[in-house]
Amino acid sequence: MFAKLVAVSLLTLASSQLMAAECKTTIDSTDQMSFNTKAIEIDKSCKTFTVELTHSGSLPKNVMGHNWVLSKETDMQAIATDGMAAGVDKNYLKEGDARVIAHTKVIGAGETDSVTFEVSKLNAAEKYGFFCSFPGHISMMKGTVTLK
């Protein structure tokens, strides 16, 4: 009887852990100007969400650097355009740009960076996207973020 109770308890514990929302993701960027995903889904039960950005390429950040920027889809191109003048040291983002919800720093080969943001900043009725703001990269390095 005790063994059966232990087995049921372990199964219950395991299933509750499977049901818990995953409130983080890892995204890899490459020398081929790409992210390894085009879509991120964030569970509404998450209080915060963390994105870890990795760079599996071999080129330095001043040549093929990448960052991860979150904004409303309608603001993405304007943020990238405005950020070009900021330069690599400011992560190709205009200082104090209120349209940017969250971002990592620009990283190069073998580097990682992460950002954690409040999920409450997102509205399920709004369309959000992520992109790399390194000049020219937004054309290939972008995706969607949705609340589920």
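The structure is a predicted model, in which local features need pLDDT of at least 70 and side-chain atom pairs count only at pLDDT 80 or more, while totals for chains, interfaces and linings use all residues. Residues are numbered from 1 along each chain as its sequence is written, and side-chain values use heavy atoms, with hydrogens and water left out.

## Overall architecture

The chain contains three helices and eight strands. Helices (H or I, at least four residues) and strands (E, at least two) are DSSP runs, numbered from the N terminus. Read from the N terminus, their order is α-β-β-β-α-β-α-β-β-β-β. The chain has 148 residues, and 40% of them count as buried. Here buried means under 20% relative accessible area, exposed means over 50%, and partly exposed lies in between (1.4 Å probe, protein chains only).

The chain exposes about 8400 Å², of which carbon and sulfur atoms supply 56%. These areas come from the Shrake-Rupley method with a 1.4 Å probe; for residues, only the protein chains shown count as cover. Of the contacts between residues at least 6 apart in sequence, 74% join residues at least 24 apart, a contact being heavy atoms within 4.5 Å.

## Aspartate 31

Aspartate 31 lies in the loop between strand E1 (24-29) and strand E2 (39-42). This residue is buried yet has no salt bridge, and the nearest side chain of opposite charge, lysine 61, is 14 Å away. A salt bridge requires a side-chain nitrogen of Lys or Arg within 4 Å of a carboxyl oxygen of Asp or Glu.

The side chain of aspartate 31 instead reaches two backbone nitrogens, that of serine 58 at 2.6 Å and that of leucine 59 at 3.3 Å. Leaving aside residues up to four places away in sequence, aspartate 31 touches His55, Gly57, Ser58, Leu59 and Met64.

## The disulfide

One disulfide is found in the whole structure, the criterion being a pair of cysteine sulfur atoms within 2.5 Å. The bond joins cysteine 23 to cysteine 46, with an S to S distance of 2.0 Å. The link is left-handed, with -90 degrees about the S-S bond. Cysteine 23 is partly exposed at 25% relative accessibility, whereas cysteine 46 is buried at 4%.

## Salt bridges

Side chains of opposite charge can pair when their charged atoms come close. The structure holds five salt bridges, including those tabulated here.

| Salt bridge | N to O distance |
|---|---|
| Glutamate 126 – lysine 72 | 3.9 Å |
| Aspartate 82 – arginine 99 | 2.7 Å |
| Aspartate 97 – arginine 99 | 2.7 Å |

Glutamate 126 is partly exposed at 30% relative accessibility, as is lysine 72 at 34%.

Arginine 99 forms a salt bridge with aspartate 97, which is buried with a relative accessible area of 10%. Salt bridges that share partners join Asp82, Lys94, Asp97 and Arg99 into one network.

Terms used: Lys and Arg count as positive and Asp and Glu as negative; His and the chain ends are not counted. A polar contact is a pair of N or O atoms within 3.5 Å; within protein, one must be able to donate a hydrogen and the other to accept it, and residues adjacent in sequence count only if both atoms are side-chain atoms.
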